[in-house]
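Morning, everyone. Please bring up the model.

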Amino acid sequence: MAPPSASTPSLTPPSSSPSSPTPSSSTPSPPPSSPTPSSPTPSSPTLAASTPTPSTPSSSEAPSPVDPSDRVLLSRAARGAADAFEELYDRWAPVAYGMCVHVAGDETRAARAMESIWLEFWQNAPSLARRADDVRRVLADLVWAHARN
């Protein structure tokens, strides 16, 4: 492979000033007056591409622990409404899975625990609805009972 010549285009990004032409000479520019770290800026595509996507929602994305609509959904699920159970599952499964991984310490064990947790949740929804103030507490109890074994 031949060494790059002076006419080879540079791979550095263009300057932020679109009106100033890029110098065509091969004379290096002087170093900046103060050293700056060579880390990507927030708008850099490199930073955006390398930022991992979280697998579980953060606490700010999780539903409120005492959401009144959860109470209504739990009450409806207790009466056999599959759509209410499905809504609770969609809302709370990521949170429950995160708790399971934490308690079980292993994703495989957490996945097995999730099956038994949600099965028990559905089968015992009437008694859970009578004794629970919020869904997060119900799930925490179920996670502890199933994931630690």
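In which hand does H3 pass H4, right or left? The crossing is right-handed; that is, the near helix is turned clockwise from the far one by less than a right angle, anticlockwise being left-handed. Helices here are DSSP runs of H or I, at least four residues, numbered from the N terminus.

Ground rules. This is a predicted model, where local features need pLDDT of at least 70, side-chain atom pairs count only at pLDDT 80 or more, and totals for chains, interfaces and linings use all residues. Residues are numbered from 1 along each chain as its sequence is written, and side-chain values use heavy atoms, without hydrogens and water.

Now methionine 114. Methionine 114 sits in helix H4, residues 107-123. It is buried, at a relative accessible area of 10%. Buried means under 20%, exposed over 50%, partly exposed in between, with a 1.4 Å probe and protein chains only. Methionine 114 touches Ala93, Ala96, Tyr97 and Cys100, leaving aside residues up to four places away in sequence. Contact means heavy atoms within 4.5 Å.

Next, the rings. Phe, Tyr and Trp rings (six-membered for Trp) pair if their centres lie within 6.5 Å; planes under 30 degrees apart are stacked, over 60 edge-to-face, the rest tilted. That rule gives 5 aromatic pairs. Tyrosine 89 and tryptophan 118 have ring centres 4.9 Å apart and planes at 75°, so they are edge-to-face. Tyrosine 89 is in H3 and tryptophan 118 in H4, so this pair ties together parts 29 residues apart in sequence. Tyrosine 89 is partly exposed at 35%; tryptophan 118 is buried at 6%.

Technical notes:
Helix = DSSP H or I, 4+ residues; strand = E, 2+ residues; numbered from the N terminus.
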